Amino acid sequence: MVRGNLSGGKARGGIAAICGVAFLLFGYDQGVLGAVIGLDSFRREFDDPNPTLEGIIAAIYDIGCFLGAMLAFVTADYLGRKGSVTWGTWIMVVGTILQTSSTENVQMILSRVVTGIGNGMNTVNVPIWQSESFKSHNRGAMLIIQSALIALGHPLSTFMGLASRQAEPSSFGWRWPIAFQGVFMLLILLGLPFLPESPRWLVHKGRIEEATDVFARLGGRDVNDPATILERDEIVQSVQEEKKLGEATWGEVFTEGPNRNISRVLLGAGPYMMNQWSGINSLAYFLPITFERNLGMTTELSLILAGVLGIQYFCISWLPYFFIEKVGRRKMLMGSAAACSFCMVMIAIMRKVDTIAARWVFVAFTFVFFDVFSLGILPVSWMYASEIMPLRTRNKGVALGVGSHWLSNFVVVFVTPDAIADLEHWLYVIWALLNASFVPITWLWYPETARRSLEDMDEVFRHERFGLTKTRSPGTRTKEGGDGVIRRDPEVDLYQIDAKGSPKS
């Protein structure tokens, strides 16, 4: 059943809640191995893995996520957004059971691939489902909440590892934190049957009557309400224009054409890669190990510090909710990247100095790095691709972006254990330079998506050729009025843009 039986605020809240649990699971899954890999019971079970094997066990999950993203590339247009999340979650259930029961390295490695495949499918489809179900003026704010829940997953897994450490030397100490993922998966699977499918996907499949019903349900209105009809007709018109060109093929994603598909794929993949090449998961995946091996802290203190950092990370990551639509994606991304670069410079210096005081300054700037990362790179990376892709190729384009994210994640996580030992402070210098490069890249090539509908962005790309963007300011769509209609300033032509990116009068 594609429509579910909830309507109005309950339907929107239900979609936000299930997407939020999926993102919380994503964050938890990223942090849980780092919380248990240093436990004596884990190391004894898997023959005390060396840094290279640690990197393989951790990073192979990202290969699974990449495979899952590519599987979504093939299947999601057929399964739908909600159906794809259902399948992805069930695959994660299988992977979690296999991980929890692991007794040797091969089983743990293969089971992490399986779990990653399911999560890769979800990381493609959850942002698309949410972005296609919410209006442009609150779409960014909703995705901020999901980004914050990714951040919450990290300390949750860390404190779970710290608590289960009390069960040492029993293997329950490392098995329970991994098994706990099943709680999130159960919540997702129980909630999905009550929620509607993406109305834009239904329109694309020609199921107009069902799409109209979903638009009405999401808006808490009657199917014959003028606001419902207007919203539906806008999507139908956009889909009809795209279908004049025929069904989307895989090859179409890699050609420019009137919709500028390859431009959008490259731009959409960029923030995903910025997320990884900022160095965040070089720290996040192995944060307790970093504190323990770099700074000489005990395992218990390392876990406590990692957990406290995660709680602060979660709290700070809510702040963009209040200004992301006003400030826009571009400014937040550039500001966050510049601040991350500065933090990595300071971390590198403190690692080089390596006195007792410098070690605590290292910890302090690690805290600050996570904070400034959560204020820009984190939320923008997970929303930007789904906001700029045309409907016909949205799933394929986002899948490629998510795939680039997971491949980058694999490389970062795989090399980190050895890099911590071999590169020392130079590892953080590399992250600093990469973060600094994101600022001019964003300024030159990335159009602003804030307060623009998905259909507005189609027009932006049709009116700009590949190259330097002039769309540098948030759009002109405003909150809905009492009649439920989203309005744009009638005095502003959205697509007449001056050199500074502001609409011309």
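A salt bridge here is a side-chain nitrogen of Lys or Arg within 4 Å of a carboxyl oxygen of Asp or Glu. I looked for these pairs in the model, which is predicted, and by this rule the count comes to 15 salt bridges.

**Entry: salt bridges**

I began with Glu54 and Arg43. They form a salt bridge whose closest N and O atoms are 2.9 Å apart. The pair links distant parts of the chain, with Glu54 in helix H3 (residues 51-79) and Arg43 in helix H2 (residues 40-45), 11 residues apart. I checked the cover on each partner. Glu54 counts as buried because its relative accessibility is 1%. Arg43 is buried too, with a relative accessible area of 15%. I also noted a network of salt bridges that links Arg43, Asp48 and Glu54.

Next I looked up Glu132 and Arg81, whose side chains meet in a salt bridge at 3.0 Å, N to O. Glu132 lies in the loop between helix H5 (105-131) and helix H6 (136-164), and Arg81 lies in helix H4 (residues 81-100), so this pair ties together parts that are 51 residues apart in sequence. Glu132 is buried, with a relative accessible area of 0%. Arg81, at 2% relative accessibility, counts as buried.

I then took Arg351 and Asp354, where the N to O distance is 4.0 Å. Asp354 is partly exposed, with a relative accessible area of 32%.

**Entry: Pro199**

Glu132 came up again when I looked at Pro199. Pro199 touches Glu132, Ser133, Ala211, Val214, Phe215 and Leu218, leaving aside residues up to four places away in sequence. Pro199 lies in helix H9 (residues 199-204) and is buried, with a relative accessible area of 0%. I also took the distance from Pro199 to Ala216, 17 residues apart along the chain: their C-alpha atoms are separated by 10.0 Å.

**Entry: the chain as a whole**

I stepped back to the totals. The secondary structure comes to 23 helices and 0 strands. Of the 505 residues in the chain, 61% are buried. The chain exposes about 18,600 Å², and carbon and sulfur atoms supply 66% of that area. I also looked at contacts between residues at least 6 apart in sequence, and 82% of them join residues at least 24 apart.

**Entry: nonpolar cores**

The largest nonpolar core has 130 residues, and those with the most contacts inside it are Phe42 and Tyr428. Helix H1 (residues 8-36) supplies the largest share of this core, 15 residues. Another core, of 5 residues, lies apart from it; among its members are Leu143, Ile144, Met332 and Met383.

I followed up Phe42. Not counting residues up to four places away in sequence, Phe42 touches Leu33, Val36, Ile37, Met108 and Trp174.

**Entry: helix H15**

Helix H15 (residues 287-295) is mostly covered, with 7 of its 9 residues buried. The buried ones are Leu287, Pro288, Ile289, Thr290, Phe291, Asn294 and Leu295. Just after H15 I found Gly296 with a positive phi of about 75°.

**Entry: aromatic pairs**

I counted ring pairs next and got 20 aromatic pairs. Trp277 and Trp431 form a tilted one, with 6.2 Å centre to centre and 45° between the planes. Trp277 lies in helix H13 (residues 261-277) and Trp431 in helix H22 (residues 426-445), so the pair ties together parts that are 154 residues apart in sequence. Trp277 counts as partly exposed, at 24% relative accessibility, whereas Trp431 counts as buried, at 3%.

The rings of Phe369 and Phe370 have their centres 6.1 Å apart and their planes at 80°, so I logged the pair as edge-to-face. Phe369 is buried, with a relative accessible area of 0%. Phe370 counts as buried at 2% relative accessibility. I also noted one aromatic cluster, formed by Tyr28, Phe172, Trp176, Phe180 and Phe184.

**Entry: a surface patch**

Phe159, Leu301, Ile304, Val308, Ile311, Ile356 and Trp360 make a nonpolar patch of about 610 Å². Two elements give two or more residues to the patch: helix H16 (299-316) and helix H19 (356-374). Which element gives the most to the nonpolar patch? H16 does, with 4 residues. I checked Leu301, which lies in helix H16; Leu301 is partly exposed, with a relative accessible area of 33%.

Methods
Residues numbered from 1 in each chain as written. Predicted model: local features only at pLDDT ≥ 70, side-chain atom pairs only at ≥ 80, totals over all residues. Heavy atoms only, no water. Patch = residues over 30% accessible without salt bridge, like charges linked within 9 Å, V, L, I, M, F, W, Y side chains within 5 Å. Areas by Shrake-Rupley, 256 points an atom, 1.4 Å probe, with all protein chains shown as cover. Buried < 20%, exposed > 50% of the residue type's maximum accessible area, 1.4 Å probe, protein only. Core = buried A, V, L, I, M, F, W, Y, C linked by side-chain atoms within 4.5 Å. Contact = heavy atoms within 4.5 Å. Phe/Tyr/Trp six-rings, centres within 6.5 Å; stacked < 30°, edge-to-face > 60°.
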